[in-house]
Amino acid sequence: MALPTSLCLRQLRAIQTAASANHATGARATPAFNTSVKALQESVKLGRSEELSNRQLFARLQADPKTVERLDMLRLGSEKPGRFERKKWFRYQEPNVRLPHVAFFAGAQAATSFPKETLPEVGIVGRSNVGKSTLINQLCGSAAARVSDKPGLTQQLNFYTADNDFHLVDMPGYGFAFAKEEAQKHWLPLIEAYVRERKTLRRVLVLLDARHGIKANDREFLALLDRTHTKYQLVLTKCDLVHRIDLAKRHLLVSQEVEKSRNCIPRVMLVSARHEAGLNELRKEILHTCSLGQKYLGLHRKKESIAQTEYLEQLKIYKDTARAKRRRQ
Ligand SMILES: Nc1nc2c(ncn2[C@@H]2O[C@H](COP(=O)(O)OP(=O)(O)OP(=O)(O)O)[C@@H](O)[C@H]2O)c(=O)[nH]1
Ligand SMILES: [Mg+2]
């Protein structure tokens with residue numbers, strides 16, 4: 001049976017702890033927990049004193065089949081090879097959204113060296129090594145941003161200009177980094193000054209590794225964005241490293257954790273820079289955020305509707321053939 005979808009992992013753990021505490025002391029569960037404990041125990045069939053790790057609780061969550069279907073269509077998440085082969089021939093081929101070519105524009109190691117506020121900006125933040133610089137390169141089809149598998153390569157705010165239409169801002173990562181501690185100490189205040197002061201900042205994309213979801217230092221950073229009333233959106237990266245079913249669960253948990261925040265855009269994006277999946281959706285978000293939808297997406301919409309019509313026609317032929325085959329048998 002499916003878990004109640006409104007419960008996130010932390011809530012599950014709180015409920016479980018309360019249940020075992022009540023059981024140990026012989027006390028009745030508080031009314032607020034009563035129904036949830038029942039629902040949880042019925043759904044995952046937990047023994048009263050059973051202690052589960054986060055990993056075990058995650059394994060017992062049920063993925064939403066609709067999300068899995070959508071991930072399948074967008075080719076997000078890893079999968080067993082056989083399934084891919086079977087469905088490959090009538091897959092939807094989404095036309096690419098083209099972002100203008102990006103070039104390095106300015107670097108800032110202190111708030112005093114931020115460039116003038118001229119163009120709309122989208123900031124990209126996240127823990128070290130989450131894939132911020134790689135994403136900028138993949139989104140715009142360039143190699144402007146430097147990438148490394150060692151955490152802590154980007155050590156200043158790097159402003160990239162996209163054809164003088166908007167700026168993408170690559171930021172140093174928080175959390176563990178190989179960079180000198182002295183340098184790391186400046187990064188968080190620098191990012192804070194940026195999100196607090198920048199008038200042209202339209203949105204901050206907070207990147208999260210799809211394997212881990214929201215970690216403690218991400219939570220601290222999200223609290224900072226809430227305090228400074230900065231609009232932000234979450235993006236799960238490296239989706240190619242997570243199985244599709246687990247990815248659907250991760251998406252559910254992350255969405256639930258931020259659903260109450262007023263500054264968070266409710267739609268959690270998913271991307272894999274390595275497999276170039278989910279990038280078109282993110283490109284569209286960025287263009288709409290910078291009010292450039294009309295300029296860049298006019299032709300795309302036409303191509304998209306042609307591709308969709310072709311896909312639906314193919315699907316109809318496939319279904320008709322299958323029906324005819326069944327009738328003949
Ligand atoms: N498998 C996989 N690896 C990725 C993906 N995106 C980035 N990487 C790898 O992750 C590593 C870190 O990428 P970066 O783009 O340098 O990460 P960053 O967040 O800019 O890191 P810092 O600048 O150190 O904060 C590199 O080895 C990339 O090849 C992805 O979608 N899938
Ligand atoms: Mg970087």
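Trainee: Why does D163 count as partly exposed?
Mentor: This is a predicted model, to begin with. D163 has 13 C-beta neighbours inside 10 Å. Buried needs 20 or more, and exposed needs 12 or fewer. The count of 13 falls in between, so D163 is partly exposed.

Trainee: Where does D163 lie?
Mentor: In the loop between β3 (157–162) and β4 (166–170). D163 is not a glycine, yet its phi is positive, about 50°.

Trainee: What makes S291 count as exposed?
Mentor: S291 has 12 C-beta neighbours inside 10 Å. The cut-off for exposed is 12 or fewer, so S291 meets it. S291 sits in the loop between α10 (279–289) and α11 (293–328). S291 also has a positive phi, about 55°, although it is not a glycine.

Trainee: How do you know that the length of helix α9 agrees with its number of residues?
Mentor: Helix α9 (residues 244–258) has 15 residues. At 1.5 Å a residue, it should span 21 Å. The end C-alpha atoms are 22 Å apart, so the two agree.

Trainee: Which elements do the buried residues of α9 pack against?
Mentor: They pack against α3 (54–60), α4 (65–73), β5 (201–209), β6 (232–237) and β7 (269–270). Among those buried residues are L247, A248, L252 and V254.

Trainee: What surrounds ligand 1?
Mentor: There are 24 residues around ligand 1, and the closest are G131, T134, D149, T154 and G173. By class, seven are nonpolar, 12 polar and five charged. Helix α6 (residues 132–140) gives the most, with three residues.

Conventions:
Residues are numbered from 1 along each chain as its sequence is written. Chains are lettered from A and ligands numbered from 1 in the order in which they are written. This is a predicted model: local features need pLDDT of at least 70, side-chain atom pairs count only at pLDDT 80 or more; totals for chains, interfaces and linings use all residues. A residue is near a molecule or strand if its C-beta atom, placed from the backbone, lies within 6 Å of it. Helices (H or I, at least four residues) and strands (E, at least two) are DSSP runs, numbered from the N terminus. Ala, Val, Leu, Ile, Met, Phe, Trp, Tyr, Cys and Pro count as nonpolar, Asp, Glu, Lys and Arg as charged, and the others, Gly among them, as polar. The expected span of a helix is 1.5 Å times one less than its number of residues. Two residues are in contact if their C-beta atoms, placed from the backbone, lie within 7 Å.
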